[in-house]
Amino acid sequence: LYFSRLIEILASIKHHLPNTAVHMLSNGRRLSRLAHARRIAQVGLSDFMIGVPLYADVAAIHDFVVQAKGAFEETIFGILNLARVGIRIELRIIVHRETYAHLPRFAQFVARNLPFVDQVTFMGLELTGYARSNLDALWIDPFEYQNQLEEAVDLLDCAGIHALIFNHPLCVLSPSLHSFSRQAISDWKNIYFPECGGCGKKADCGGFFASSSLRHSEHIKPF
């Protein structure tokens, strides 16, 4: 929204923290203007990645999730522009009831059309904001979409695209997905419930969001 100020912040990071890895989140829509993507690239950060949410392989689903008509097209153009100017790209997809069924098709779309992205991250649903107010419409037990998630990760892995899974406890993930799971760096995304006591894999588990006290998987069990 304040593009010139964003450039100032990035330039300040380059000056004061030249060796620091920087990860910026963006919906990508403003970057559909090539000049904006070029201006960010011109700052010249040495270790820089932009994470862009993409929720489906078709416009109607992505636009519905973000509640903005035309968002899919702008986001795709933004992703393509980032690639043109040499900025590293992470695609993010939050898995919930509106997106889980399309995960394999989403992965296939990325592998065929966006093979240059650096990584694709599958995120668990955080029950805050609009997700909290639409809890019944969005919530699905992660245990129920393991087949779709496993197929999607396998498709990306076979295509040579780095896949990661965040905010999913290991006990609900298929064993084949454990090596793709990562812990968040934020403390409120790594809480644990009494059921986790004595778990042999707790130190490696992504745990839960603090907001998961509202609702969480019924399949939690310690290793």
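Is Q67 buried or exposed? Let's start there, because Q67 is exposed, with a relative accessible area of 61%. For the cut-offs, buried means under 20% relative accessible area, exposed over 50%, and partly exposed in between, with a 1.4 Å probe and protein chains only.

Quick housekeeping before I go on. This is a predicted model, where local features need pLDDT of at least 70, side-chain atom pairs count only at pLDDT 80 or more, and totals for chains, interfaces and linings use all residues. Residues are numbered from 1 along each chain as its sequence is written, and side-chain values use heavy atoms, with hydrogens and water left out.

Okay, the sheet. Six strands make an open sheet in the order β1-β2-β3-β4-β5-β6, with parallel pairing. When I say strand or helix, I mean DSSP runs numbered from the N terminus: E, at least two residues, for strands, and H or I, at least four, for helices. Two strands pair if DSSP finds at least two bridges between them. At the edges sit β1 and β6 (181-182), each pairing on one side only.

Now look at β2, residues 48-53. Five of its six residues are buried, so β2 is largely enclosed by the rest of the structure. On one side, β2 pairs with β1 (residues 22-25) in the parallel sense over four bridges, and H23 has M49 of β2 as its bridge partner. Between those two strands the chain passes through helix α2, residues 34-43, and this β-α-β crossover is right-handed. Right-handed here means that, with the strands pointing away from the viewer, the path from the first strand over the helix to the second runs clockwise. β2 also pairs with β3, residues 88-94, again parallel, over five bridges; there, V52 stands opposite L91.

Further along the sheet, β4 (residues 119-123) and β5 (residues 162-166) run parallel, joined by five bridges. F122 has I165 in β5 as its bridge partner.

On to the helices. The axes of α3 (residues 59-66) and α4 (residues 71-84) come within 8 Å and cross at roughly 100°. Those axes are lines fitted to C-alpha atoms, for helices over the stretch in contact, and angles run from 0 to 180 degrees between N-to-C directions. A59, H62, D63 and V66 of α3 make the contact with A71, F72 and T75 of α4, contact being heavy atoms within 4.5 Å.

The buried residues of α3 are I61, H62 and D63, and they pack against β2 and α4. For α5, residues 103-113, the buried set includes L103, F106 and F109. Covering the buried residues of α5 are, among others, α4, β3, β4 and α8 (146-158).

Last, some loops. Back to Q67: this residue follows α3 and sits in the loop between α3 and α4. Its phi is positive, near 60°, in a residue other than glycine. Most residues other than glycine have a negative phi.

N167 has a positive phi too, about 65°, and is not a glycine either. But N167, in the loop between β5 and β6, is buried, at 9% relative accessible area.

And G86, in the loop between α4 and β3, counts as exposed at 61%. Its C-alpha is 9.0 Å from that of R38, 48 residues apart along the chain.
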